[in-house]
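Hello,

Here is the structure I promised to pass on. My notes on it follow below.

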Amino acid sequence: MTELNPSRRALFERLRPTYHEPSDGFVRPPQALEEVHFLQLCDQCARCVSACPSNAITLELGYPVLSGDCDHCHQCVQACRTGALTHQKLKASINFRCSDKLAQYCQSCVETCQHNAITVNAGSAATVDAELCTGCGDCLNACEFFAITLD
């Protein structure tokens with residue numbers, strides 16, 4: 001038979017609900033909404049996990065997180081019925097951290113972009129062609145200076 005601690009603190013510890021709120025540190029699948037909206041809409045069905053052909057999505061505390069290399073097939077977006085993962089109109093933008101001198105030598109974003117949406121002209125920082133940018137986020141991981149954001 002299990003012995004119970006008769007103190008009030010132990011009683012309240014047993015009655016306290018166990019609730020784990022996912023932290024902002026998790027990397028969500030591509031095209032996920034902002035964290036607050038994602039947590040409101042995600043019903044933890046795991047359809048995105050089973051739809052991912054590269055097994056890049058796993059569950060962490062019941063919510064999907066990106067745990068591998070995503071090939072941006074967007075099958076997780078198609079599997080999501082709640083809208084937590086959606087084809088948003090996100091586009092890459094380059095901020096002040098990408099200087100014209102740095103861009104001449106770096107160009108890792110240009111090499112990574114499969115859609116040729118990023119170009120570097122001599123004497124200027126990298127620029128993004130909004131028409132060609134799909135918002136896939138490959139350039140985010142390639143930039144070592146955190147000069148690219150998805151807006």
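Which backbone oxygen does the side chain of Ser-108 reach? The side chain of Ser-108 reaches that of Ala-142, at 3.1 Å.

Before going on, please note that this is a predicted model, in which local features need pLDDT of at least 70 and side-chain atom pairs count only at pLDDT 80 or more, while totals for chains, interfaces and linings use all residues. Residues are numbered from 1 along each chain as its sequence is written, and side-chain values use heavy atoms, with hydrogens and water left out.

Ser-108 belongs to helix 6 (residues 108–112); helices here are DSSP runs of H or I with at least four residues, numbered from the N terminus. With a relative accessible area of 18%, Ser-108 is buried (under 20% relative accessible area, 1.4 Å probe, protein chains only). Leaving aside residues up to four places away in sequence, Ser-108 touches Ala-142 and Cys-143 (heavy atoms within 4.5 Å).

Now the cysteines. There are zero disulfides in the structure (a disulfide being a pair of cysteine sulfur atoms within 2.5 Å). Cys-42 is in none, and its nearest cysteine sulfur, that of Cys-48, is 6.5 Å away.

Best wishes

Key. Helix = DSSP H or I, 4+ residues; strand = E, 2+ residues; numbered from the N terminus. Buried < 20%, exposed > 50% of the residue type's maximum accessible area, 1.4 Å probe, protein only. Polar contact = N/O pair within 3.5 Å; in protein donor to acceptor, adjacent residues only side chain to side chain.
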